[in-house]
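The stops below are given in the order in which to select them.

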Amino acid sequence: MEDENDVVVGYLVIREIGDDEVQFWDPEAGWNDDPDDGKLYETQEEAERDAETLRAGNNDTITVEPVYGDDGEEEDEEDV
């Protein structure tokens with residue numbers, strides 16, 4: 001879930017392979033089940049280029065999804 005302090009830290013190329021199952025693309029290793037094994041692209045454009053190549057002649061649903069991380073700023077949370 002996206003929070004107001006979350007920033008996009010990169011993009012993953014994702015392939016839907018079944019009922020709520022996805023795989024993550026890495027150009028060197030191919031498709032992986034673990035998102036940590038997928039390539040984290042720095043720009044959406046770079047991820048989209050690889051996704052377009054993977055979509056060519058392929059009926060799988062392949063998308064580019066942002067990866068969010070905290071911007072590092074502390075939230076002021078007071079005990080009530």
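The tour goes from the sheet to its strand pairs, then to single residues.

The model is predicted: local features need pLDDT of at least 70, side-chain atom pairs count only at pLDDT 80 or more, and totals for chains, interfaces and linings use all residues. Residues are numbered from 1 along each chain as its sequence is written, and side-chain values use heavy atoms, with hydrogens and water left out.

**The sheet.** Select the four strands, which form an open sheet in the order β3-β2-β1-β4 with antiparallel pairing. Because β3 (30-32) and β4 (61-70) each have a single partner strand, they stand at the edges, and one side of each is left without a neighbour in the sheet. On average, neighbouring strands are turned by 45 degrees against each other, direction ignored. Strands (E, at least two residues) and helices (H or I, at least four) are DSSP runs numbered from the N terminus; two strands pair if DSSP finds at least two bridges between them. Axes are lines fitted to C-alpha atoms, for helices over the stretch in contact, and angles run from 0 to 180 degrees between N-to-C directions.

**The helix.** Next select residues 44-55, helix α1, which lies across β1, β2, β3 and β4 and runs at about 155 degrees to β4. Contact means heavy atoms within 4.5 Å.

**β1 and its partners.** Select residues 6-18 (β1) and 21-26 (β2), which pair in the antiparallel sense over four bridges. Two residues lie between these strands in their hairpin, where Asp20 takes a positive phi near 60 degrees. β1 is also joined to β4, running antiparallel, by 10 bridges.

**Phe24.** Move to Phe24 in strand β2, which stands opposite Ile14. Phe24 counts as buried, because its relative accessible area is 9% and buried means under 20%, exposed over 50% and partly exposed in between (1.4 Å probe, protein chains only). Leaving aside neighbours within four places in sequence, Phe24 is in contact with residues including Leu12, Val13, Trp31 and Pro35. Show Lys39 as well: 15 residues apart along the chain, the C-alpha atoms of Phe24 and Lys39 are separated by 7.7 Å.

**Val9.** End on Val9 in strand β1. Val9 counts as partly exposed, at 45% relative accessibility.
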